[in-house]
Amino acid sequence: MSGFDLPSLTASFSGERVVGPLSLTVKQGEQVALVGKSGAGKSTLIRLIHEQVNRNSSLVPQELGLVNALPVFHNVFMGQLDRHSVWYNTMSLIRPFTADKTAVRELLADLGMPEKLWIPTASLSGGQRQRVAVARAMYRNAGLLLADEPVSALDGPMAHLVMKRLKEYFTTSVIALHDVEMALTYCNRIVGIQDGQVALDDTSDRLTAADIMSLY
Ligand SMILES: Nc1ncnc2c1ncn2[C@@H]1O[C@H](COP(=O)(O)OP(=O)(O)OP(=O)(O)O)[C@@H](O)[C@H]1O
């Protein structure tokens, strides 16, 4: 499964509705940017989608979810933990297999940080940590990418490199983005969220930055 059809998405905190009720259908091949002002409900919506599709997605959460005590290799390898036996995962913790080391090193090279394979994750910069979370999602290689501001800590050229890689790697995606130009460049559909509801839904080629800015 890479697309999804979720008819009834809602989320509340302390009895207050912050998302929905709304329905969202994403077809295979759609690369969807979720846009909207801070607090509109984008992260909550990504969490709701992830709860429903779970194992069938590669997730880049805003808070990254890295294990600081482990080197970069192991954090990226975690993307495939549920695909291996307990024995294989334990062996990989102690002495990783060559095929996995090669695959993870190649992913890191694609993201501009090949030399960081054995570096403790705690010692990385914010932008490097964000790319480790992106590499973990790529290593998982599920049909659907769910990403919450995956390039927010990266400088311009690096942000473009990572968005390009994500676009090449995942044919179907839902990505929360603050950068409107980035959304129009790397996604073929724009879904605008306002007060927890869908306020805009169109293909990128029919929208301008000004159309999207009306949400802010
Ligand atoms: N754990 C929580 N407890 C209480 N309220 C929450 C919680 N998480 C989110 N909210 C509320 O839900 C609403 C939507 O938040 P959400 O994080 O989904 O917005 P967002 O569009 O992703 O914002 P941003 O662009 O700043 O990340 C906000 O009003 C927020 O305060």
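How much of the chain over residues 4-215 is helix and how much is strand, and how far apart are the end C-alpha atoms? Over this stretch the chain is 38% helix and 25% strand, and its end C-alpha atoms are 25 Å apart. The structure is a predicted model, in which local features need pLDDT of at least 70 and side-chain atom pairs count only at pLDDT 80 or more, whereas totals for chains, interfaces and linings use all residues. Residues are numbered from 1 along each chain as its sequence is written. According to an unreviewed UniProt entry, residues 4-215 carry the annotation "domain: ABC transporter"; UniProt positions are given in the numbering used here, feature names are shortened, and annotations may be inferred rather than shown by experiment.

The protein chain contains eight helices and eight strands (DSSP runs numbered from the N terminus, with helices being H or I of at least four residues and strands E of at least two). The radius of gyration of the protein chain is 18 Å, close to the 17 Å that the globule rule gives for 216 residues, so the chain is as compact as a globular protein of that length. This radius is taken over C-alpha atoms, and the globule rule is 2.2 Å times the number of residues to the power 0.38. Along the principal axes, the C-alpha atoms fill a box of roughly 50 × 35 × 30 Å. Buried residues make up 37% of the 216 residues; a residue is buried if 20 or more other C-beta atoms lie within 10 Å of its own, exposed if 12 or fewer, and partly exposed in between, with C-beta atoms placed from the backbone. Of the contacts with a separation of 6 or more, 67% are accounted for by residues 24 or more positions apart, two residues being in contact if their C-beta atoms, placed from the backbone, lie within 7 Å.

The shell around the ligand consists of Phe13, Val18, Gly36, Ser38, Gly39, Ala40, Gly41, Lys42, Ser43 and Thr44 (a residue is near a molecule or strand if its C-beta atom, placed from the backbone, lies within 6 Å of it). By class, three of these residues are nonpolar, six polar and one charged. In this scheme Ala, Val, Leu, Ile, Met, Phe, Trp, Tyr, Cys and Pro count as nonpolar, Asp, Glu, Lys and Arg as charged, and the others, Gly among them, as polar. Helix α1 (residues 42-53) supplies the largest share of the shell, three residues. Gly36, a member of the shell, is placed in the loop between β3 (31-35) and α1. Gly36 is buried because 25 other C-beta atoms lie within 10 Å. Apart from its neighbours within four places in sequence, Gly36 is in contact with Lys42, Gly192, Ile193, Gln194 and Leu215. Its C-alpha atom is separated by 12 Å from that of Asp201, 165 residues apart along the chain.

Helix α1 has 12 residues and reaches 17 Å from its first C-alpha to its last, close to the 16 Å expected at 1.5 Å a residue; the expected span is 1.5 Å times one less than the number of residues. Its buried residues are Lys42, Thr44, Leu45, Ile46, Ile49 and Val53. Just after α1, Asn54 takes a positive phi of about 35°. Helix α5 (residues 126-140) has 15 residues and reaches 21 Å, close to the 21 Å expected. Among the buried residues of α5 are Val132, Ala133, Val134 and Ala135, and the elements covering its buried residues include β4, α2, α4 (98-110), β5 and α6. Just after α5, Asn141 takes a positive phi of about 55°.

Met163 is found in helix α6 and counts as buried because it has 23 C-beta neighbours inside 10 Å. Leaving aside neighbours within four places in sequence, Met163 is in contact with Val151, Met182 and Tyr186. The C-alpha atoms of Met163 and Val151 are separated by 7.5 Å.

Several backbone features were also identified. A cis peptide bond, with omega of about 0°, joins Gly20 and Pro21, and Pro21 lies in strand β2 (residues 16-26). Leu64, although not a glycine, has a positive phi of about 70°; its place is in the loop between β4 (57-60) and α2 (72-77). Glu149, in the loop between β5 (144-148) and α6 (156-169), has a positive phi near 50°. Leu64 is partly exposed, with 18 other C-beta atoms within 10 Å, and Glu149 counts as partly exposed with 19 C-beta neighbours inside 10 Å.
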